[in-house]
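Here is a short report on one structure. Look at the sequence and the model first, then read on.

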Amino acid sequence: MQTLLFALEVSLNGFMTGILYALVALGFVLIFKASGVFNYAQGVMVLFAALTLVGLQQGIVPFQHLINNLLGTSIHGFGWNMPTFLALLLTLLTMLLLAWLVEKLILKHLVNQNPVILFMATIGLAYFLEGFGDLMWGADLKKLDIGIPMGISDTVEQTTYDWFGYGFFIDRLDITASIVAALLVIGLTIFSQFSKTGRALRAVADDHQAALSVGISLRRIWVIVWSIAGLVALIAGIFWGSKSGVQFSLSLVALKALPVLMLGGLTSIPGAIVGGLLIGVGEKLFDFMVGPMIGGATENWFAYVVALVFLLFRPQGLFGEKIIERV
Amino acid sequence: MFYREVGEFKTSYPQDSESFGIGLDKYGYYFVLFIAFVIIPLMINDYWASAVLVPFLVWAIASLGLNILTGYCGQISLGTGGFMAVGAYSCYKLMTSFPDLNIIFCIILSGLITAGVGILFGIPSLRIKGFYLAVATLASQFFLVWLFNRVPWFYNYSASGQISTPERSVFGILVTGPNVQPWAQYMICLLFAFGLAWGCRNLTRGSLGRKWRATRDMDIAAEIIGVNLLQAKLSAFAISSFYIGIAGALFFSVYLGAVDATEAFGINQSFLVLFMIIIGGLGSILGSFIGAAFMVLFPVLLKNILVGWWEWDAALATHLEFISVGFLIIVFLIFEPHGLAQLWRLLKQKLRLWPYPH
């Protein structure tokens with residue numbers, strides 16, 4: 001009984017982690033659906049958004065190291081803390097600007113190229129942003145705190161203790177993240193089903209040429225999707241950043257989102273959520289049950305191997321569109 | 001005016017299918033070989049060997065391998081680091097289990113072992129394509145590195161979890177270990193790089209190479225005209241992993257001497273090799289060498305200028321390196337998707353017509 005409850009607690013925590021994976025995966029799916037680009041840089045966008053938020057909030061002077069090196073000064077901060085709301089707004093503006101620049105400088109020039117070329121271009125973008133973010137705000141580990149409740153939730157522990165005689169440890173941050181993720185998915189669904197722009201997005205996802213022929217501007221749509229992906233990245237960045245601090249390793253979360261995508265299918269928003277939950281719960285449970293027998297730290301590769309084996313049987317993932325190829 | 005086919009009389013079929021058909025090309029090639037095999041070993045010093053030449057050759061072998069898979073056969077792989085780790089660890093196990101076995105055979109055998117592992121991870125490629133495959137190869141990257149970190153048998157139960165190379169010699173000349181001469185280090189890498197590049201050239205222009213290219217251009221069409229996809233894809237995986245395994249073995253035994261799986265063979269190495277073949281040129285042997293040279297020299301140069309001359313922070317130089325590498329990748333993909341090798345090809349085409357271009 002004790003083990004069973006413990007396993008339940010582990011899978012509940014995995015569920016929460018899975019939601020955070022799904023948040024990152026969501027950004028990938030949005031861009032892939034609308035432009036056929038597999039955006040490897042999504043993870044670095046998460047990092048970049050979190051870095052910018054922290055930097056603005058703490059009043060760090062952008063490019064301070066570069067400026068100090070060039071001019072021999074020693075500037076470190078503006079000496080004030082920006083209100084969280086203002087910082088969030090400015091970060092969002094930065095992400096919109098980034099989306100616009102990406103379209104203007106990269107995507108526009110790579111229209112009609114092989115998808116693999118576009119994929120590699122986003123790897124290049126990922127490297128660029130990674131260096132740029134570090135150069136702008138410094139590479140040290142930063143603490144992100146925008147007032148989200150953190151720590152063990154006493155209510156959950158007390159309730160479960162009353163029910164089972166065993167208190168579950170659930171982080172309040174994870175609960176908030178789940179609620180926000182659910183709201184985000186509902187919001188995105190409403191947006192894409194009931195707004196004019198949303199309809200245009202779905203048309204582009206269905207067929208680029210048909211969408212062009214009824215007068216939808218592809219380039220405008222691309223800017224919009226990249227902006228939405230930027231927003232999703234910001235939200236994912238806030239939660240991951242509050243959870244584990246803001247530094248380079250945050251962008252590795254994106255690598256975890258890839259198997260999530262494969263499992264759920266590249267073109268399906270519900271797929272990203274379900275895939276995220278499956279991977280989150282699966283890797284925690286696997287590490288809990290099998291991990292101790294084979295040396296632990298199986299979380300590093302479990303997701304990839306599951307995706308690999310799964311793809312062998314169903315190459316388009318759980319909810320993806322069936323891949324039809326013609327000569 | 002000088003660089004042209006006119007005046008080159010071919011009198012037999014073997015002559016007609018030479019790799020370097022034009023006289024100037026051929027002499028240029030011999031000249032480069034002469035410099036590489038005779039001049040450089042005489043002038044080499046420790047800094048040049050360890051900072052530039054040896055890593056250049058090792059990475060060139062790895063990018064040859066990835067180029068076979070990605071450039072010629074069209075299968076994207078992000079598992080290069082993991083396969084290099086297989087090469088390195090099998091070389092280590094062979095060297096320590098059979099102390100009398102010559103290091104040359106150890107390295108070749110570890111290439112063969114890696115080829116076997118490559119086939120295993122290549123099997124999904126028959127059903128999975130494009131990005132899906134790229135992500136599937138990530139599984140090999142993470143799983144293999146984890147395996148070498150967690151199973152003590154692979155690192156002979158050493159306390160640090162690192163592997164370090166014992167001293168081995170070829171014909172009485174020390175080639176591995178801390179006391180090795182720079183020229184010996186350089187020569188063994190050069191011999192492997194030369195042999196493998198020669199093999200790659202001849203494989204890719206034969207029937208196997210044609211099958212690979214047909215698979216790359218459109219695999220369903222290739223299947224319809226009679227290419228056996230199973231054979232083509234798995235042979236590409238096997239041969240590519242053989243090259244990458246040898247690169248990994250040399251990287252560990254000759255170049256670094258002591259490695260830790262997470263640091264030396266992480267995902268960044270996979271990307272590094274991918275960048276080399278994008279910048280150098282997909283599907284080009286010369287491109288693999290140019291790309292490797294570029295990606296090895298560029299950080300060294302940047303560091304020397306920024307840190308050495310202008311006395312900036314080392315961390316700043318690293319950030320700038322990331323920025324400029326990412327920038328260059330995008331620029332190359334937009335303006336010259338076939339890489340630096342294509343520029344060289346264009347230059348030769350221009351030279352052939354010069355000075356009367358019409």
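What percentage of the contacts in chain B with a separation of 6 or more is accounted for by residues 24 or more positions apart? The share is 75%, where two residues are in contact if their C-beta atoms, placed from the backbone, lie within 7 Å.

## The model and its numbering

This is a predicted model, in which local features need pLDDT of at least 70, side-chain atom pairs count only at pLDDT 80 or more, and totals for chains, interfaces and linings use all residues. Residues are numbered from 1 along each chain as its sequence is written, while chains are lettered from A and ligands numbered from 1 in the order in which they are written.

## Chain B as a whole

Chain B holds 15 helices and four strands; helices (H or I, at least four residues) and strands (E, at least two) are DSSP runs, numbered from the N terminus. Its C-alpha atoms fill a box of roughly 70 × 55 × 45 Å along the principal axes. The radius of gyration of chain B is 21 Å, which agrees with the value near 21 Å for a compact globule of 358 residues. This radius is taken over C-alpha atoms, and the globule rule is 2.2 Å times the number of residues to the power 0.38.

Of the 358 residues of chain B, 46% are buried. A residue is buried if 20 or more other C-beta atoms lie within 10 Å of its own, with C-beta atoms placed from the backbone.

## Two domains of chain B

An automatic or database domain assignment sets the bounds: in chain B, domain 1 covers 1-8 + 21-42 and domain 2 covers 44-267. Their centres, taken over C-alpha atoms, are 29 Å apart. Four residues from domain 1 of chain B and five from domain 2 of chain B make up the contact.

## Where chain A touches chain B

The contact between the chains takes 42 residues from chain A and 38 residues from chain B. On the side of chain A, α3 (64-71), α5 (115-137), α11 and α14 each supply at least two residues. The largest share, 17 residues, comes from α5(A).

## Helix α12 of chain A

Helix α12 of chain A (residues 269-289) has 21 residues and reaches 30 Å from its first C-alpha to its last, close to the expected 30 Å. The expected span is 1.5 Å times one less than the number of residues.

Among the buried residues of α12(A) are Ile269(A), Ile273(A), Leu277(A) and Glu283(A). The cover over the buried residues of α12(A) includes α1 (2-35), α7 (172-194), α11 (253-264) and α14 (302-313) of chain A.

Methods. A residue is buried if 20 or more other C-beta atoms lie within 10 Å of its own, exposed if 12 or fewer, and partly exposed in between; C-beta atoms are placed from the backbone.
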